[in-house]
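Work through the exercises below with the sequence and the coordinates open. Each task is followed by its solution.

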Amino acid sequence: TVADALITRFDLRKVYREELLVETRKRLADDSYFSTDKAGIISIKAEARDPKLAADLANAYVEELQHLTSTLAVTEASQRRLFFEQQLQLSKDKLAAAELNLRQAIEKGGIVSVDAQSRAALETVGRLRAQISAKEVQINAMRAFATAENPDLVRAEGELGSIRRELERLESGAVGGADTVSVKGIDSVRLLREVKYQEVLFELMAKQYELARVDEAKQAPMVQFLDRAA
């Protein structure tokens with residue numbers, strides 16, 4: 001990846017008079033030297049007929065390494081960030097679909113009004129279900145990196161159990177009042193609840209994604225110039 005970036009950047013096929021990319025890589029490798037010491041300092045040496053090109057190549061290796069480490073998920077936090085980034089996009093798509101279904105229902109026949117108590121209960125159910133889904137995603141992500149005894153994982157599993165119990169309590173108490181709502185009213189609330197569910201899930205995924213980004217920034221391997229090639 002780094003070699004190809006340098007080949008393109010400095011038009012090294014032309015410099016080395018090579019038609020094939022693989023041969024150009026070999027020539028670049030032959031002219032590049034790397035060494036490290038116990039302090040973690042990397043020394044880079046590049047050779048070329050043009051002295052300026054040689055210095056530019058050595059410096060470009062560092063710049064491309066900085067770019068590479070910023071894009072690869074090389075740490076646990078980076079992998080969590082990538083995982084939640086995918087989940088966030090998935091949640092965004094589902095929210096857009098739920099909003100579209102609600103808009104189409106309004107355009108076709110409107111939304112039937114239901115009593116405030118029933119609507120509030122169903123919206124709360126939707127919010128709790130979203131919290132459960134988000135917590136399950138979080139736990140699945142943690143299990144990839146943490147042992148069963150990890151305190152953060154144990155706490156997250158405890159929180160998930162608490163939310164599930166609250167959902168069961170609320171759903172068992174809401175059954176009795178469901179008969180007073182018309183079928184169309186129930187359909188209307190379900191559409192609203194689905195939008196609410198996806199909204200809350202999207203917000204929770206966004207929060208997890210931002211936390212992972214912060215952790216990634218803290219753990220990111222730092223590559224810095226100590227002495228530029230001249």
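**Exercise 1.** Determine how α1 and helix α3 (residues 21-30) pack, and which residues make the contact.

Solution. In this predicted model, the axes of α1 and α3 are 10 Å apart and form an angle of about 100 degrees. Angles of 65 to 115 degrees count as roughly perpendicular, so α1 is roughly perpendicular to α3. Next, list the contact: on the α1 side it holds A3, D4, L6 and I7, and on the α3 side L21, T24, R25 and L28. Sorted by class, the residues of this contact are five nonpolar, one polar and two charged.

**Exercise 2.** Classify the crossing of helix α1 (residues 2-10) with α4, give its hand, and describe the contact.

Solution. Start with the geometry: the two axes come within 10 Å and cross at roughly 130 degrees. The crossing of α1 past α4 is right-handed. For the contact, α1 supplies V2, A5, L6, R9 and F10, while α4 supplies L53, D56, L57, A60, Y61, E63, E64 and L68. The class count for the contact of α1 with α4 is nine nonpolar, no polar and four charged residues. L6 of α1 takes part here and also meets α3.

**Exercise 3.** Characterise the largest pocket: its volume, its lining and the elements that contribute.

Solution. The volume of the largest pocket is about 550 Å³. Its lining consists of 20 residues, and those nearest the centre are I42, S43, I44, V62 and Q224. Two elements, β2 (42-46) and α4 (51-71), each give two or more residues to this lining. The largest share, five residues, comes from α4. By class, the lining divides into 14 nonpolar, four polar and two charged residues.

How values were computed
Residues numbered from 1 in each chain as written. Predicted model: local features only at pLDDT ≥ 70, side-chain atom pairs only at ≥ 80, totals over all residues. Heavy atoms only, no water. 1 Å grid on protein atoms, 1.4 Å probe; cavity = no way out; pocket = protein on both sides within 12 Å on 5 of 7 lines; lining within 4 Å. Points joined across faces, edges and corners; volume = space filled by probe spheres on them. Helix = DSSP H or I, 4+ residues; strand = E, 2+ residues; numbered from the N terminus. Nonpolar A, V, L, I, M, F, W, Y, C, P; charged D, E, K, R; others polar. Axes fitted to C-alpha atoms, helices over the stretch in contact; angles between N-to-C directions. Left-handed = near helix turned anticlockwise from the far one by under 90°. Contact = heavy atoms within 4.5 Å. Parallel < 35°, antiparallel > 145°, perpendicular 65-115°, else oblique.
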